[in-house]
Amino acid sequence: MSATTSPRRLAFAPNWPMRLALLALAVYTVWASTRLGLTWDRVAHGMGEGAKLLGRMVPPNFERWQLLLEGLLESLQIAVLASALGILISLPLSILAARNLSPLWIAGPVRGVIAVCRSLHYVIVAILFVKAIGFGALAGTAALVVASVGFIAKLFAEAIEEISMKQVEAIRATGAGVMKVIAYAVLPQVASRFIGFCLYQLDSNLRNSTLVGIVGAGGIGGTLFAAFKRFDYDFVAAILLSIIALIFLAEIISGRVRAALR
Amino acid sequence: MNSMTHDPVAPLRREWQRHTPAQRISRWMVWLVCVAAVVWAVRSIDIIPEFLADAPEQMADMLVRMWPPDIAHYYPAVHNAMIETLHIATLGTVFCFVLAIPLALMAARNVCTIKPLNVLAQLGLVASRSVNSLVWALLFVAIFGPGAAAGVFAIAFRSVGFVGKLLAEALEETNPGPREALRAAGAPWGAELLKGVWPQVQPAFWGIALFRWDINVRESAVLGLVGAGGIGLVLDDAINFFQWERVATVLLAILVVVLLAEIVVTRIRARLI
């Protein structure tokens with residue numbers, strides 16, 4: 001037994017499965033690129049076009065600032081309304097979807113609804129709403145409400161499932177009804193996380209509300225898309241810069257709020 | 001005399017309040033700001049009341065038209081577009097690392113100790129994250145022309161910010177011990193990164209890549225709406241021709257693929273980490 005040569009232990013042994021996986025990934029990349037018509041010529045040509053496009057975007061043209069401000073304000077309104085409605089709807093939904101509080105025959109279907117809300121991209125939802133209820137901010141708000149429900153309700157339901165049941169039992173033992181159990185035993189345990197999710201969703205609603213206009217659902221996105229179609233690239237640059245500034249500002253504010261809450 | 005004024009149970013009679021007056025005022029202010037924002041938005045938003053009134057009816061009408069979904073339409077048109085969408089998502093995720101890895105190395109303060117380069121990399125990552133994937137797609141459609149190439153680049157450029165940020169954070173959390181040991185043994189810079197840093201960030205790296213791929217599958221489904229290839233193009237056509245049964249098929253296909261992608265990612269993550 002001792003005579004068998006033990007293989008010399010390498011300090012850095014080659015990881016063959018990983019190497020093969022990386023090789024497969026490289027082969028796939030080349031194959032898929034050729035399938036999509038993504039050749040080096042095209043990329044090189046695109047670089048030149050990209051430089052031209054950038055040249056036309058500079059300097060940004062802020063002449064139509066009224067149009068810009070109007071669009072940004074509408075985006076902000078959509079974001080605020082969609083967040084408020086989304087929070088209101090997802091609060092009861094997430095309690096219904098929490099498996100430790102509601103029976104499975106309620107939690108299952110509610111979870112399904114939430115999963116569907118989350119799986120469909122908000123732009124697709126926005127298109128459907130635009131087709132069903134017409135152009136404008138209403139469609140954008142409705143689409144973002146769906147997206148907000150998908151996000152907040154899922155995470156909040158998971159947060160509720162992690163609570164300690166001892167407090168729930170204690171409040172139940174006093175003879176409290178369902179609403180009182182929720183108000184005094186469930187919500188105090190998860191309120192801070194709920195506020196965190198809501199803040200995050202407000203942030204991402206603001207990002208998304210600047211975009212739903214591309215499909216006609218109101219906000220600055222419509223202005224952006226129109227400018228793109230008219231090849232007003234200097235105005236496009238102005239809009240993009242103001243969107244980035246708005247999002248940056250929102251991120252700073254929500255960061256401050258989150259720090260203050262802690 | 002003193003015992004007359006001093007009441008031993010006075011502290012028990014005191015009314016307890018959870019918050020100090022200042023706290024109460026600030027809580028009220030927060031609520032006031034929230035309500036004021038909502039009221040402002042409701043009052044000034046440009047919603048046409050007639051649209052709002054018949055919205056439920058119109059939604060129901062659209063859903064009725066979608067039923068039953070035109071499953072026969074799935075093959076080959078929707079199927080091929082779906083495969084293209086998956087290629088766009090995967091290629092976009094692969095290509096994003098070409099930019100994300102150098103930027104993450106530059107942004108991590110323990111790997112790159114040159115302060116201006118850190119800031120520059122952070123700025124690049126923030127810019128990539130702030131521009132939405134549809135806007136990136138618009139830009140790349142203007143550059144490459146309509147087609148999947150624009151979609152791949154849009155996904156890649158959008159992902160750089162997200163992946164780069166998370167990767168930089170993972171790099172900053174690494175233990176400096178192995179690197180110092182390798183440096184002390186005389187290893188060159190590349191070997192130091194490959195053998196001292198990479199093994200530590202590898203789980204995080206694959207986790208981030210899978211997570212982003214999952215997001216990219218969702219995002220690449222809509223890129224076609226602005227002409228950047230994939231299933232969105234088929235969806236847009238079906239909607240514009242009011243072929244609601246086909247729209248339903250496409251939506252179902254997207255739903256199934258997104259859910260499958262999520263399940264696959266969760267499985268692989270559970271095995272890797």
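The structure is a predicted model, in which local features need pLDDT of at least 70 and side-chain atom pairs count only at pLDDT 80 or more, while totals for chains, interfaces and linings use all residues. Residues are numbered from 1 along each chain as its sequence is written, chains are lettered from A and ligands numbered from 1 in the order in which they are written, and side-chain values rest on heavy atoms, with hydrogens and water left out.

B:Phe242 is located in the loop between helix H12 (231-240) and helix H13 (244-272) of chain B, and, although not a glycine, B:Phe242 adopts a positive phi of about 55 degrees. A positive phi is also found in chain A, where A:Phe231, likewise not a glycine, has a value of about 60 degrees; A:Phe231 is placed in the loop between helix H9 (220-229) and helix H10 (233-261). Most residues other than glycine have a negative phi, and most peptide bonds are trans. A cis peptide bond, with omega of about -5 degrees, links A:Val58 to A:Pro59, and A:Pro59 belongs to the loop between helix H2 (40-57) and helix H3 (65-97) of chain A. In chain B, the bond from B:Trp67 to B:Pro68 is cis, with omega near -5 degrees, and B:Pro68 is situated in the loop between helix H5 (55-66) and H6.

The secondary structure, for which helices (H or I, at least four residues) and strands (E, at least two) are taken as DSSP runs numbered from the N terminus, comprises 10 helices and zero strands in chain A. The radius of gyration of chain A is 26 Å, well over the 18 Å given by the globule rule for 262 residues, so chain A is more spread out than a compact globule; this radius is taken over C-alpha atoms, and the rule is 2.2 Å times the number of residues to the power 0.38. Along the principal axes, the C-alpha atoms of chain A fill a box of roughly 85 × 75 × 40 Å. Buried residues account for 45% of the 262 residues of chain A, and, among its contacts (heavy atoms within 4.5 Å) between residues at least 6 apart in sequence, 74% join residues at least 24 apart.

Residues 72-254 of chain A are 83% helix and 0% strand, with end C-alpha atoms 18 Å apart. The same record, according to UniProt, places the feature "transmembrane region" (unreviewed entry) at residues 76-98, 181-202, 208-228 and 235-253 of chain A. Residues 181-202 of chain A are 100% helix and 0% strand, and their end C-alpha atoms are 28 Å apart, while residues 235-253 are 100% helix and 0% strand with an end separation of 27 Å.

Chain B contains 13 helices and zero strands. Its radius of gyration is 28 Å, whereas a compact globule of 273 residues would have a value near 19 Å, and its C-alpha atoms fill a box of roughly 100 × 75 × 35 Å along the principal axes. Of the 273 residues of chain B, 44% are buried, and the accessible surface comes to about 15100 Å², of which 68% belongs to carbon and sulfur atoms.

B:His87, in helix H6 (residues 74-107), has a relative accessible area of 6% and is buried; apart from neighbours within four places in sequence, B:His87 is in contact with A:Tyr28, A:Trp31, A:Ala32, A:Arg35, A:Leu36 and B:Gly92. B:Val197, in helix H11 (residues 189-220), is buried at 4% relative accessible area, and its contacts beyond four places in sequence are with B:Leu171, B:Thr174, B:Arg179 and B:Glu192. The C-alpha atoms of B:Val197 and B:Leu171, 26 residues apart along the chain, are separated by 7.5 Å.

How values were computed: Buried means under 20% relative accessible area, exposed over 50%, partly exposed in between (1.4 Å probe, protein chains only). UniProt positions are given in the numbering used here, feature names are shortened, and annotations may be inferred rather than shown by experiment. Accessible areas come from the Shrake-Rupley method with a 1.4 Å probe; for residues, only the protein chains shown count as cover.
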